[in-house]
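Here's a quick briefing to read with the model open beside you.

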Amino acid sequence: MRYVSCRDDQGSVADEAACFHLPKPSATEVCSVTPCGQWKALEWSSCSVTCGQGKATRQVVCLNYSDQVVDRSECDPDDLPATDQDCSVSSCQNTHDSGRPIHPFSYPEHPPKPHPGRNPNQNAGPAHIPGGNQWRIGPWGACSSTCAGGFQRRAVVCQDENGYTASNCDEKAKPVEQRSCESGPCPQWAYGSWGECTKSCGAGTRTRLVVCQRSNGERFPDLSCEILDKPPDREQCNMQDCPRDAAWNAGPWSSCSASCGRGHKHRNVYCLSKEGNRLENDYCKHLAKPNVQRKCRGGRCPKWKTGDWGQCSVSCGRGIQQRNVYCHTGTQKTARETDCYQFTRPVSEQECHIAECPRYSWEMEEWQACMKTCGEGSRYRKVVCMNQNNQEEDSVNCDASKRPSDRESCNLLPCEYIWITGEWSECSVTCGKGYKQRLVSCSEIYTEKDHYEYGYQNTDNCPGTQPPNVHTCYLGECPVLATWRVGNWGSCSVTCGIGVMHRSVQCLTNDDQASALCHADLKPEERRTCHNIYDCELPSSCQDVKRLKGVIEDGEYYLKVKGRILKIYCAGMQTDSPKEYVTLVSGYAENFSEVYGYRLHNPTECPYNGSRREDCQCRKDYTAAGFSAFRPFTQMELPPFILYPITPNHQIFTLKSSLGALGMIKLDHLETGKNAE
């Protein structure tokens, strides 16, 4: 058992009522007597010889109830098991047919201790004697004690030069079999001063600290010291009787000194006689005085709470970070800021510094040559945005207001213009009246070149009257002949199902006059039936496809657009407003616009029907030639087209897209695109 008392802040014994709010430690506990140590024998070593008679050894230690090695004095010496015993191996043979025996002990790392009075070199290795016999030694065993000194043992046997047991070794040269070993001093009992008595009268108790330790302060379990010699750690005190005519009387507790947080309560404690009269405190000092003060808590005080810091106001350089700061109470409610102490308010804003901002500047290359060789033109230069490592960056990183100009005008000598005429073509007819044509254009002369080059210009720039480009020709009267001539088939009368299409069939003479000389049996048909394979109830938009057919997958569908059936790609069919796209089948190989740069000497003969050929007689002096590739387009934009110049004054545009050639358009002027037929 132990003494348990209630103490005040000054360490004095107080009334147990003052400690009622605290759990009282146990004054008793179950104890058991520690059993005595027991010997434990380890495994036997191998026999000291390989043949004949030898010895085997083992280590014996003293263990406590926790299987820890303790001092040997804890165990009964009368029960000490044997540490060595004789061992017998097969008798040794004089012949050595099976090879030389192996020496059982060969431990050069364990030299024996020199015997007092002997030459130390005698035990440095096997001790030789005349005749070849010598002493053989084994390793040292464990120390017999864990403290205050003990001893170690080893095996020492006499063997001949072949490793067999012998009996005539020199006893004076025999190595020692036992030596002392030091494991450090044993721990001793140490004790402190007695504490204050628990009572001033009426048999109190006082205690002191008693520990098992070494002189250097290293502590050990009590069982490591002699348990019977342990000094007492408690005793009785103040055995005299207490007077019984006085007692302590406590008044009511005051209110807590703090409205929030930790505080104290106070009360008056008087020494009173049994009649209720107030006495000097000395009359009650033999009694435990009740506490005059105790701790109290007045609720949680409001305190400042902070949120996480927000992101820096800049992505580089110095900026500002902000966070929320608010006054908080323990009820998870936000209080007024005036409820918290203003001088301890955390900062709500701080500077933040991110990596230095990169520096960007505009860099210019040299001006290129003027776009023209005469008159007023323009020249250009490359202006790029560079970082501090002279690497090109996006233009948005540089100040657009400070961007240098990348274009300026350039004034050169006045231009010279001349009329360029081509060769006359063959007569347009083989008989009768026809016409010849030639190419006539106004060109600018590039005089600064090594040879003349020509560029197409507006006819207003050339001096004088434009030379004629058409000339009549007559090749004699033609015999009157008439043939049936047919036009192209028109469109089908319906966009779906079975309809009719028509074409023009006329009997004309060779001078394009109407005639009745054609055979009626040879007249080609003027109408034929046509059948459109598409469903007559085709939708007109991707939204109709979704509504009529209940389709929600993106893909290609046939739509009826302005009376024509087109294959359209519908995207976003899962949304309320899907979009229509025209599929570009071959990419840039089919979707481009080109102005062909060759002009024919005889545009009426070669090439036929606007086909593209480079083996015709032509010249490459058309300055408006060019090529533009088209990207994919949305909604119902017109597909791209290819331009083929075929005559001096007319251009033929062939429209090509994923739907194939759509038709031919003849324009009088390339620049304006007017007067389309």
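Cys-316 makes a handy test case: its relative accessible area is 22%, so Cys-316 counts as partly exposed. Keep in mind that this is a predicted model.

**Pairs that sit apart in sequence**

- Cys-316 is in the loop that runs between E22 and strand E23 (318-322).
- Thr-373 belongs to the loop between strand E26 (360-364) and E27, and with a relative accessible area of 23% Thr-373 is partly exposed.
- Thr-373 and Cys-410 are 37 residues apart in sequence, and their C-alpha atoms are 9.8 Å apart in space.
- Ser-491 sits in the loop between strand E36 (482-486) and strand E37 (497-502).
- Is Ser-491 buried or exposed? Its relative accessible area is 68%, so Ser-491 is exposed.
- The C-alpha atoms of Ser-491 and His-502 are 7.7 Å apart, and the two residues are 11 apart in sequence.

**Salt bridges**

- How many salt bridges does the count come to? The answer is 12, and three of them are picked out below.
- As background, side chains of opposite charge can pair when their charged atoms come close.
- Arg-379 and Glu-408 form a salt bridge through their side chains, at 2.3 Å from N to O.
- Arg-379 is in strand E27 (residues 376-380) while Glu-408 is in strand E30 (residues 407-411), so this pair ties together parts that are 29 residues apart in sequence.
- Both partners are partly exposed: Arg-379 has 28% relative accessibility, and Glu-408 has a relative accessible area of 27%.
- Arg-547 and Asp-544 make another salt bridge, with an N to O distance of 3.1 Å.
- Arg-547 and Asp-544 are three residues apart in helix H1, so about one helical turn separates them.
- The ends of that pair contrast: Arg-547 is exposed at a relative accessible area of 58%, whereas Asp-544 is buried at 16%.
- Glu-218 and Arg-214 also meet in a salt bridge, at 3.6 Å from N to O.
- Here Glu-218 is partly exposed, with 38% relative accessibility, and Arg-214 is buried, with a relative accessible area of 18%.

- Which residues form the positive surface patch? They are Arg-262, Lys-295, Arg-297, Arg-300, Lys-303 and Lys-305.
- Two strands, E21 (293-297) and E22 (303-306), each supply at least two of the patch residues.
- Arg-300 is in the loop between E21 and E22.
- Patch residues need over 30% relative accessible area, and Arg-300 is exposed, with a value of 65%.

**Nonpolar cores**

- The largest nonpolar core has 11 residues: Cys-542, Val-545, Val-551, Tyr-557, Leu-559, Val-561, Leu-566, Ile-568, Cys-570, Met-573 and Val-582.
- Helix H1 (542-549), strand E40 (555-561) and strand E41 (564-571) are the elements that give two or more residues to this core.
- Another core lies apart from it and has seven residues, including Ile-137, Val-156, Ala-166 and Ala-173.

- For context, most residues other than glycine have a negative phi.
- Asn-238 has a positive phi, near 45 degrees.
- You'll find Asn-238 in the loop between strand E16 (234-237) and strand E17 (246-250), and Asn-238 is partly exposed at a relative accessible area of 30%.
- Asn-390 has a positive phi as well, near 60 degrees.
- Where is Asn-390 found? Look in the loop between strand E28 (383-387) and strand E29 (392-393).
- Asn-390 has a relative accessible area of 60%, so Asn-390 is exposed.

Note on methods. Residues are numbered from 1 along each chain as its sequence is written. This is a predicted model: local features need pLDDT of at least 70, side-chain atom pairs count only at pLDDT 80 or more; totals for chains, interfaces and linings use all residues. Side-chain values use heavy atoms; hydrogens and water are left out. Patches are made of residues with over 30% relative accessible area and no salt bridge: like charges are joined within 9 Å, nonpolar side chains (Val, Leu, Ile, Met, Phe, Trp, Tyr) within 5 Å. Accessible areas come from the Shrake-Rupley method with a 1.4 Å probe; for residues, only the protein chains shown count as cover. A salt bridge is a side-chain nitrogen of Lys or Arg within 4 Å of a carboxyl oxygen of Asp or Glu. Lys and Arg count as positive and Asp and Glu as negative; His and the chain ends are not counted. The place of a charge is taken as NZ of Lys, CZ of Arg, CG of Asp or CD of Glu. Helices (H or I, at least four residues) and strands (E, at least two) are DSSP runs, numbered from the N terminus. Buried means under 20% relative accessible area, exposed over 50%, partly exposed in between (1.4 Å probe, protein chains only). A nonpolar core is a set of buried Ala, Val, Leu, Ile, Met, Phe, Trp, Tyr and Cys residues joined through side-chain atoms within 4.5 Å.
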